[in-house]
Structure formats: structure tokens, C-alpha cells
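I set out to examine the nonpolar cores and the chain interface of this entry. My notes follow.

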Amino acid sequence: MPSPPFRFLHASDFHLDRPMMGITDAPSSMLDDLIDAPYDAAEQIFQSAIQENVEFILLLGDILNVKLAGPRGLAFLVDQFSKLGEHGIAIHWLDGSSDPLKDWPAAVQLPPNVHRFSTTSSTADLLIGPQEQPRAQLLHIVQDIDGKPQISGSPQTSAMITNIGVGYGDFDTEQLNLSGVQYAALGGRHQPQTLATKPSVIHYCGTHQGRGQTETGPHGATLVEITETQSVQTHRLTVDTIRWHTEEIKLNENNGAEELGRLLARGLEKLANKDPDRTWLVTWLLTGPSSLGHQLRRGGLAKGLIRQLRSRFDSNSKRIWTVGIESSKSGSIEPSSYEEDTILGEYLRAIRRRQQGHGTPIDLTTGLMPQPLSNELRQLLSQAGKSPEKCELQESALQGFDLLHGD
Amino acid sequence: MTDQRAFSSEKSVLPIKEGLHVRITKVEIDGFGVWSNLILPDLPDPLTVVYGPNEAGKTTLMQFIRTVLYGFSTERRRRYLPPVHGGNGGGQLNAAGSSGEFSIVRRSDGKATQGDVRILAADGSAQDSDLLNSLYSQIDESTYNNVFAVGLHELQELASINDTEAGQYLYDLTGGLDRVSLIEVLRELKAAQNRLTGDEHRAGQLLDLMDERNRLDNEVRQLANQVNQWVRLWAERTALEQQLTEQQDELNHLQLEIRVAELAVNLRDRWTRRRKLDQELSAMGNVPSLPEGIVERLNSLNERIDQRRKQRAQMKLTYYKLRDEFRSFPINRVLWGQQSRVQALAEQQDWLSALTAQIQRLESEVTDSDRVLVSHQQLSGLGNATMPFASGDLSPITLKSLRGPARDLLDATRSLDQAKREYQSERDEKNRTQQQLTKQLNHHKTTNLTEALGEARQQASQIRRRIQIEERLDQLTRSLRDLEEEMESPANARLLPIRTLALLGVSTSFFGMWLLAGLFRGWLNVSDLIGSAMLWIGGLGLIGTIAYKFWLEHSLRFYHDENQEHLDCLDREAENLRVEQRDLDCLLPSEGGPWVSRLKTAEKEVAELERLVPLESTLETASQRSESAQTHTSRVANDFQETRTRWATALLAIGLPETTTPDQLDQLSAQYESMLTLKREADIKRDELQQRRRELETLQTRLQKLANETGLPYNDDDPMNLLRQITSALESESHSMRRRTEIREKAKQLCKEHQQCLHQSDDLNLKRETLLSEAGVSNEQALMQLVERRDQIRQLKKEREKIAGEIESLISGQCCEDDIRREFEKAEKGSADMNQPGQTIEQRLKILQNQRQKCEDQLKQSFERRGQLAEQIKTSAADRKLAKARFQLAAVEEQLAVASRRWRVLTTSYSILQEVCRIYEAQHQPATLRAASQYLERLTSGRYRRVWTRLGEEVLYVDDADGKVLAAESLSRGTREQIFLSLRLALVDSYALRGVVLPLILDDVLVNFDTHRARAAAEVLQEFADAGHQVLVFTCHEHVMRIFQSLSVDVRQLPDHNDPADVALGWQVMDPLPTQIPTVHVAKSSKDVVEKVAVDAKPDAIPMASAEQPALHVDAYDEPNLYAEHTSDEHEYEWKIDEAETRRDQQPAKPFLRAS
């Protein structure tokens, strides 16, 4: 007799306490959206759970930091969990690094449909479904001392029960494949990722709302469907209200500033037509050979274009905000410049020596500090390290190139 | 020596480009300073030392060379021209260049700086001045003076090089190889860094961001703490929910008990009644059965019997009423008998009405006619006056006679109106002019124009006079001052000036001596012409001198007295003027500003007042016209009065009111006929009215007589009303007769009906007796008692059922009857037990209600608290401040990270650029400084190896042998001058490389060098000259000269410029003296040194170093050089001159370089 099919939602890394990062000059009309985006997206996930009539929801870590989220986060979760409880949907919440179980205030009782378990404590296996005929078993995946994944408890061998592993953190894919679970629901990574599909489906659902430039693309939760034959089918639910995006603009050598402006405007239109209901935070990546590198870096071209693009925000209901313009070629310097018998050449050679690990190391923490400095400022400036990083050396090279080139 | 050779060989191969090549071969000075007609021929090619003591003219020689090349500067002209020993200013230099030999001749023309300059070829032909132009274009005088012809002063002033082209060769580190200035870039990076970190003037972006971050961090921390408060609220709400449930249960229980108690209270009467009914029913027992309807039947019979009885009584009453009514209709038999007469009079009723109507109509018409007549009269303007219709005076003829007076009256009225209008117009014109003038006068604060004008003119005149006095006083004061100064000057004193007196004394003495000499010769009896002449000359001269003295004294006295008199006169005049000025100041107001402005104001006032004079005359004219119009009006008014009197007399004569106007009279004559007709019609109607009134009185008399006869009272004399009263009384009598007949018929019928009703009552009594016997009772009362008892039992049962139903309906759904019963039992038990008094239901209900109220209050408070908590929880949960603050904090941290990273990049760039600077400073020093370094190393015998400059700084640094960097300014004076000499040599080299080869002239630049340094310098200069440069070294120091001599350098001595013969010989070649290196005594002062050197300058008197008088120590690099503190007088003198010249020629002067 086949087991009845069922569905559940796999979500993690809400970080409800964490705001959008990297937006320093957002317009006031976008401010509320930026602040509310994590909550709006989370609410959409819970709404989807109700609409999709799921059996339960797996929340796998980093849902919210109680100390930083404030009352809003707590109230939001209690409210949403209560609504889910009214629809008979259970929540199984595995804590992560920022939402340990002990941090949850004891006075705030979660609704009875919420089941919390901790990564640090051994948790008994949990059977899901009617007691006489459970449909699935949740197995807690933890790392042992050697960093290998360990399953707490024994997977069910019955064909009627699906073994679902839940874990937070980084795990070895091969070891998980041997664990005997049909579906390994993992949290702790912000970008969605499926590590394996056979024999086990090993999946990170990622955060539900990207927060910075490193979290581009669609985000949401994963709807998992267990069929009668215990095969696993996953569907992505995209819920992010604000999307970080990097749009590539291909240039050629003949493209001038005006043409670049036109290309960017065209890209803007393309994005707007692609998903007009969403707010986009776009970083424009200029690729291909171009002579605009210096203008983009020092000539104010990038600033002017960004200003121009931002001025179109919220016009004609197009909510596309330009975060910045980057050029893949703007970081390169012609090799001939290194060979010049000029100050520039000397400068670039000195940089190259540092990049190759030669020359006297530069100590940014002592001699080069402007005097006097407050301790706080000194500490801040020395936080990144004593010597400049390679990328900082490259930026210095570009800066010196711009200053000493003389054009 | 190896180094020296290498250096020498390096220098010897210096390629000299084609360009400006000048080598001086001969100097000819026509006249310049102390030199006149000096010829210095055969100037050697490489190095020449020109020796001469102080003031021998070495500097003059160098200045001459500068002058020939660059002209007579103002300072040089002032100092060296005209020549001390006469002759023309100027001279010539013979030179040899790449293009051959030539001469530069420059002579002063006394005015122009350039003077007369010529270039002459070797054959004496004049050449173009291309050579000088080329020199000027490549080397300006400042550069020449600081590089090629250098005195000690120029040598020490390195800063002066900075302003020349030569400065570029020293300090231009990049040499134009790069596109940008490294220093500018460094500065830009530093500025960017400062913008981030701030400087002493302002906080930087990083600090601002950190402050903002700290602020937001604190805000986030504070807001994050709200979660604890929220949790507390949540816990409180949870506890409150539990408490609410308990309170709700308690309240429900109390509600139930209260409901039972309330029901018990509400049901108590019914409950008690039901129980009582039960007791009564049981007490009444059973009742025997009675025929159905017996009571109703009996009641029906009784009712019918009673009804018959009532009918009979009613009939009796009706009969009595009919009788009374019959009697209420009495009969007037007299009137009833005059019935025919009354009817006859009644037939006259219409006529009577018509008669009355006619009288009323006639009265109305008469009244109307009178009113129309009166209205016509009023329309004619006569009012209610009596019209003279009756007298017949008023007729068209008489009215026509009034037309003449009426016309006169109208004419007089028109004339009077015209005169009044004219008078009013003139008076208005006069008032307007008067107001205008008054306004203007008020503006000037006066009422009388003439007086005001006079005062203003007088004031203007006084002010003008005051100003004239003041000017005159100033003039007098100046004259007095000049006169006093003139009188106080020695030239105008009474006494002769000392100089004049001295001259007179000298003259007196002179002539006296002549006189005495003549007398003496006479006394010696030497009579000759000479003696006589001396006598005469002396005598006459003495007399003339004395006479001249007296004349001078007299003239002075006269002139002084005259001046004194003039002074007194001026004083008196000034005093008079001051008195007058004080008088005027008393007369004039003390305030008002300067007198000139006050005069302008006064003149303006006068002009304005004068403009009002025509207005005043206009006012007078208007007044005269107004008075004339007034007189005319009075005359016309008198005429009008007379005419009016005549008119009134004429009116009174025909009976009209005297107030009648001519217009009214015209109307009256027009309506006279119609008014007469109206009068006649009114009289006819009045007669007819009298007739009708008489007829009416006759009829009235008849009616009154009838009324009196029949006894009818009447109050109204109106015949019509009287007739109606009589007729009405007759009709009333007729009605009474008919009514009496009808009442009589009704009484008969009523008697019959009463008899029938009596028979029916008897039948009914019989039936009632039969019914009582059927019920088995003897009388009706027993039957009624029996029936009543039966009905009571029925009633009680019915009542009980009703009460039981009500009780059931009231408690249904709320509680059961047992609860109520228990409640009653509790109450009864409580009230019955006297020992333990319990509570009545009301008391218990009250207690329960109190408890419920308390519970409800608590519940309400709990609900309110729960609402507050819910609101607080909701508000707190909806608060987005924390999220907003965290968002802002993230943005600030992002900015901070970007700024921090930018600072790191900037600092890295700055560090790398500093390294590049060091590389450049080490490897890219200008060629001039490299050459200077080689010279310096030679001059200091390797003690200092390198002279260099930093990027962007015009400061010289020196590396010593140990690689230690020293600023040039920190070195001793001797070492600094070695550095500066090195720089000059290097600059000369540098110019040579650029094709400019000029002789190097050094004027006593080695004066501060000790022997060791001087020797090193001499060797370097010799090698420098050997490398192809012509060098002239001027020195006043013999030891220096000896050093050069020891190096086999051509040494020449300048001639004595005070000895023309010596000058004519030119300079002398000094014999070489290959002796040991001369030493110099340590001197205490520069003067000592100069004197010592001068004394010891003789070849055989060169002092040797000894234990007592050690030679000038050679290790002068660390110790202060005594020479550095003491210079020769000549140098001191030159320094002052040159300083003044430099200051004038090089304005604005830059500050000395620190090294200088």
C-alpha cells in the first residue's frame, strides 16, 4: 500500500533582524521597502505555505536574532505561526548560529504547532503524521568532531515513511548521500544550492531575501513534494520583494560616454519589462574593450551616469535603483606603463614589487597614520590589517595611474 | 689625488657647445671710480689672481666689467661716476670669442643706463650688437652677477639664484620628464587623506561617520532593549488572560446566584399567594350542584322587573316636564290683538329702508362736494382760507389786476438769486486763495508774509555776512601766521644774522688790516703809493662796511616795524570781525549745521517766500470782488423786499392771503369756474336731504306709539329697528300658541303607556318566585350565597393556575423551582431562627450584587489592562525604529568601510609615492647639483660628498662622508661658502654645456676660508680654469695670493690708483714665491686680521705657525670660523652698497634661502 503524498516548505536564513546592506543613499520613497523587505518576503512564504496546503514547514536556522530583531520580529513570528496553526500547519524550527533556542524568551510561548530543536542538543527523532501511520521522520544532521555529518537516530526502513534530514551549516555531500535520508534540508547558506539529487536530494534553500551585492538573483523558499513512491520533487518559491542584480553591459572600443548612457538606459528598460512589480537594486557591469576606464574612475563619468539612472527611479512605476557601475576593464593598466621611465613607471613598479611580495612592507598602522588620531579611529583604520591587501594595492596602482598619467 | 685627477680629466673634456663665448683679454678703463686711464693688457687665458690691498680698486674693476657688459645701473652710476680722477666715464673690454677678437666699448652719456655702447672688431670696425643681445637673452644681469662675477656678498646670498634661470638648474628635480608634479600629487593625496581623517581645523569624514555610527549604535542598543520590555508585556498579558478566565467563572457563579435570588424576590408574592390559595381551597371544602343558568335567569327576571319600574318612573318624570313646559309659554294678549296693525306697519318696511338709504346717499354727496371744493382751494395754494366766493371780489378781472405786481415780484426774486450766487462764488474764490496762502505760510511757520519775507532776507544776509567774516578771519589768521613766522625768522629779526655779521666782521677786519697796514707803513715812514692805497682802501672799506652795516640794521628795523604795524592792523581787524561774528552768532540760531548749508537753506526760504507774493495779491483782489458782490446783493435784497410788500397789499385788497405767490394766483384764476359749479351742486343736494329727514321722523313717531301701547320696551330710536322689534314680538306670540297645543297632545299619550308597563311588572314577579322554588331555597339571598361560594372556589382555582403559570414562565431557562424553593427555605430558616439571625433574600441579594459588582470591576480592570497590554504589544511590535536605525547603521558602516578602505588605498599610494620621491631624490638630481657635489667633495677633501635638494623644496641638503643628511643652513659659514662656490662652479659648467662661456670673476670669495680650504679652493679653481674657463680671482689677502703663487698661477698686482704714473704702468706681474704654505695668525678681530695681513703681506715677512701663534686651524668645519665673523671693511662697505642695489633692482625681494 503506497504512502499518501505530502508537501512541505523548506526555508532558512530569514535574518529578520538584518537590514539591507550597501545602500548608502537610498531615496526616501524606497526606504520603507528596504526596511520591510525581509518581513514582506517571510510573510509571503507563510502565505504560500497556506495556499499550497503544506503539511509542515522546516525553518533551518538563522531566522532571527532575538536580541537585534526587537519586538517586531518576535511578534511577527508568533503571529505568523498562530495563523499557520489555525490552518493545521506545523513548524519545525532548527536553530542556527544567530537564533539559538536559549535566546528565545521563555515568557513568549510559541503556539503549540511550533516545534523547536537545537543544533547543540541531541534531539529525538520526530515522526510526522498520524501516530498510527506516520508519513515522515525528521532526522537531525549534526557534525561530529571530525566535521562529518552524523544522523541523530536511525532512518526508518519502512517504505511508508520518508526520512528527512535537517541540518544547519556546511556538510560533506558524499557523507550525506550515505546517510539514508531521501531529502537533506539544509540551512546556513544564503544562496540557494542543490548539492546532490541522487540518491539523496541535498539542498540549501538559501535566504528568502537577498541583503547585499553578494546575494544577487532570486531568493525564496523551496516547496518539497514527496510522492506516493517517496520520490522527492522540489519547486522554488520566489518571494523576494527587492532583488539584487548585476546586469552586464557589453562595450566595444568605439563606445563613448553617450553610447554607454544609451546602453544603460536600454538595460534599464529591459529589467523593467522583465519584472515590473519588483524593486531592483542593480549593479551595472561593463565588459569588453573600452577606453572609458579612466573617465569612469576619475573623470566623474560613472557618477554622472549613476545620477542619471537614479533619477529615473520610481518614474513610470519602474523601481530600478542603480547601486553602482563597475567595469571589468577599468582595473587594468597597460603593461607599457610599467616600463615608463617616469614617476608613473617608478610608482607602478613599486606597487608591483609589493604585489609580488618584494620591497619594504608598508605598515599602515604606525608610521603612515596621520597624527594625532583618536584611539577609536586608529583602531578602525588598523582593523583591515597592517599591510594593504592585494586588491588595495591594485586600487592604489589605479589611483596612482590616474593621478600621474597626466591626461 | 687619484680622485682629483679623475675629476680634472672629467672636467677637461667638458664639451663646450657653440654659442656665446667670451674671454676677456684686455681691460681699458677711461674713467670709473678710482680708476682713470687704467689699461690692463694681456689678461691671461686660464686663471689670473689679481692681488691688491684693501681699497686698491679690485671691486671697482669687477664692477667695471659688469658695467661694460650690462650698462651703467643707477647705483653704479652714483657710486663710480664721475671718475674720482677725472676723465670720461666708461671704457672697453677686449675679448676673444669663437668668432674672433672684438672690443666692447661702453661710455656713459650721463643719463641713460645703457650709455654709449659699441662692438668693435679687431680692425676697429663697428659690429652689430648681436653679441650683447645674445648675452642678454641668455644671461640676465642678475644671473651674471650671481654666477659669473661674484663677490662675497653674492656668494653668500644663495636665495638670489632662486630668482634666476640658474635656480632651475639647481632645483628642477624632475627636469620636465614627467607629465605631472609629484609634489602636487602628494599634496593631493595628503589633502584627500586629511579629508578622511581630518586635520587641526576640521573633523574628517571618518570621524563624522564614526560619530554617526556610535550614535546609531547606541540608538540600536537602546531600541533592542525594547524586546525585554515587550517580553514582559507579553508575559503580563498571558498571566492576565489566566486571571481573566478565573474572574469570569466567579462572575458567572455569582450571576447565577443573583439570578435565583432576584427570581425569588420577584416571585415571592406569587409564591406566597399560591401557597395561600392552596390553603383557602382546602378550607372551603365542596358545594352542592345548582341548575345551570339559574343565577342568570334570576338576574334576567330581576333586571326586567327593575327595568319596568324604571320605565314607569321615567314616564312620570316626562309627564311633569311636559306640564312645566306648557306653563313656560305665556301669551301677550294686547299684542296678539294688534296683530293687523303690526302687519300694516310691517308692510312699510321697504319704504323705510329706501328713505334711510336716500338720506345717507345725499349726506355723502354733500360731503364729497365740500371736500372737492376744499381740495381745489388747496391746489390753488390758498389752503383752508375762506374763499371770497360770497363777496364776489374774486373774479377774472380782479385776478388779472394782480399780474403786474406778480411779474415785478418774480423779476425781483430772480435778481436776488443771481446776486446771491455771484456773491457766493466770489466768497468761495477768496476762501480758496486764503486757504492756499495760509497753508503756505503755515508751512513757513508764519502768518504774515511780508514780515516772514523780511525776516528770511535778513537772516540770509546775516548768514552770508557770517560766512564772509569767517572766511575773512581764516584769511587774516593765515596772514597773521605767515607774518609772525616771517617776523620770527632770523632773516626778519631786528638783529643782523650771524653770517652777515661774520661777513661784516671779516670785511671790517680785512679793511682794518689794510688800514693798519697803511698806517703801519706810514708809521715806518714808508711813503709810497702802495701804503697810501692801502690806507685809502682800508679806510674807505672800513667806512663802507660800517655804513653798510648801519644801512642793513636800519632796513631791518624799518621792515620789522612795518611788519609789526601790519600785524597790529590785522589783529585789530580780526578782533572787530570776531566781535561782529559773536554778535551774529547771538542773532542767529545756534544749531543748523555748517554755515554754507544754512545759507543755502535761508536763501531757499527767501525764494520760497518770494514765490508767495503773487498769491497774496490774488487774495486781495478776490477780497475786493467779494465785498463788491456783497454790497450788490444787499441792494437787490432791498428792492425785492419793496416789491414783495406791494404784492402783499394787492392780495389783501382782493381777500386773498398775503402769503399767496404769483404762481398760486395763476392756478386760482384757472380753476375759478369749476369751483363755482361745484358749490352750486352741493347746495341743491343739501335741500333734498332736509326733505327726506322730515319724512323719516313722521314714520318713527307712529312706531314709537305702537310700542308704547303694546308694552314693548325699546331703546333704539331707529324706526327700522323699532319696526323689526315689534314684528319679532308678534312672531314670538304666534310660536307660543302653537307649542302649547303640541305639549297637550304628548301628555295624553304618555298616560296610556304608563298603564301598560304596570301590567308587565306583575307578570315578571310571578316568574321569579317560581325560579327560587326550583333551586330549593326560600329566598333570593340564600340562592345568592350558595352561588357565591361555588364561584369563590372556581375563582381560587383559576387564580392558582395563573400564578403557577407565571412562576413557571419566570424561572424557565434560568433555574429550577427547587432552587427557588431552597432560596425561600434559606430565607425562612434564617428569619425563623432568632438565635442565629440569617439573611433575608434582599440582604443576600445585596451581598451577592456587591460581590458581583466587585468582580465585574475587577474583570473590567483586567479587560482594560489586557487592552492596554495588547495596544502596547501591538505598538511595540509595529515600531520600525529599530529596523530603520539598523538600516541606517548598516549604511553608515558601509560608508565607513568604504572610507576606511579609501584611506588605506590613499595611504598606500602616498607611501609608494614617498618611496618614489626618495628614489627620485637619490637618482634624478639635476646635473648641476651632481657637478656641484663633485666640486664640494674636492673643496672639502671628501668630508662632504653630495649636495642635493628634495622634491618640491628649494632647500639644499648635504650628505657627509657617513651618509648623514645635513641641511646646508646648519653648517658653518666656511662650509656653506664652500657649498656655494661649488654651486657657482657647477652653474658655470652648466651654462657652458648650454653654449654660454663667460669668464668667472671671484672677488675675495675666499676671505672666510682657512688656509686648508683656501688651498683646496685654489686647486679646484686652477683645475676649473684648466678645463677651459677663464677665471679671475681678486684677493686682498696675501696668503691667498701666495697659495695661488705656490700653484704657479699668474698673480698680478693692481697699481696705486692715486698715482697716475703707477696707473699708467698698468698691473704688475708678481714674481712666484715657491715657499711653504703660508699661515695666518689667529686674529682677534677682522680689523686685526686685515692689519695683520697688510703688515705681513711682504714676502719676507710671512708669519709662520708657531706654538704661541698657531696657524688658523684647518679643522674649521666643526668650529666657528673666525673669518666668518670678521670681514674686511671693504667687504662690509660693498655689502651695504650691494644690499641697497639688490633691494632696489630686484623688487620685490624674496627672502633669503635658509642656507644663505
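With which residues is Leu998(B) in contact, leaving aside its neighbours within four places in sequence? I found Leu20(B), Val22(B), Leu135(B), Ile139(B), Tyr144(B), Phe148(B) and Gln1030(B), contact being heavy atoms within 4.5 Å.

I noted the conventions. This is a predicted model, in which local features need pLDDT of at least 70 and side-chain atom pairs count only at pLDDT 80 or more, while totals for chains, interfaces and linings use all residues. Residues are numbered from 1 along each chain as its sequence is written, chains are lettered from A and ligands numbered from 1 in the order in which they are written, and side-chain values use heavy atoms, without hydrogens and water.

I then looked up the largest nonpolar core, which has 95 residues. A core here is a set of buried Ala, Val, Leu, Ile, Met, Phe, Trp, Tyr and Cys residues joined through side-chain atoms within 4.5 Å; buried is under 20% relative accessible area (1.4 Å probe, protein chains only). Leu998(B) is among the residues with the most contacts inside this core, as are Ile979(B) and Phe1044(B). Helix α30 of chain B (residues 973-993; a DSSP run of H or I, at least four residues) gives the largest share, nine residues.

I turned to the interface, where 57 residues of chain B are in contact with 66 of chain A. I recorded seven salt bridges between the chains, a salt bridge being a side-chain nitrogen of Lys or Arg within 4 Å of a carboxyl oxygen of Asp or Glu. Arg904(B) and Glu392(A) meet in a salt bridge at 2.9 Å, N to O.

Definitions and conventions
Buried < 20%, exposed > 50% of the residue type's maximum accessible area, 1.4 Å probe, protein only. Helix = DSSP H or I, 4+ residues; strand = E, 2+ residues; numbered from the N terminus.
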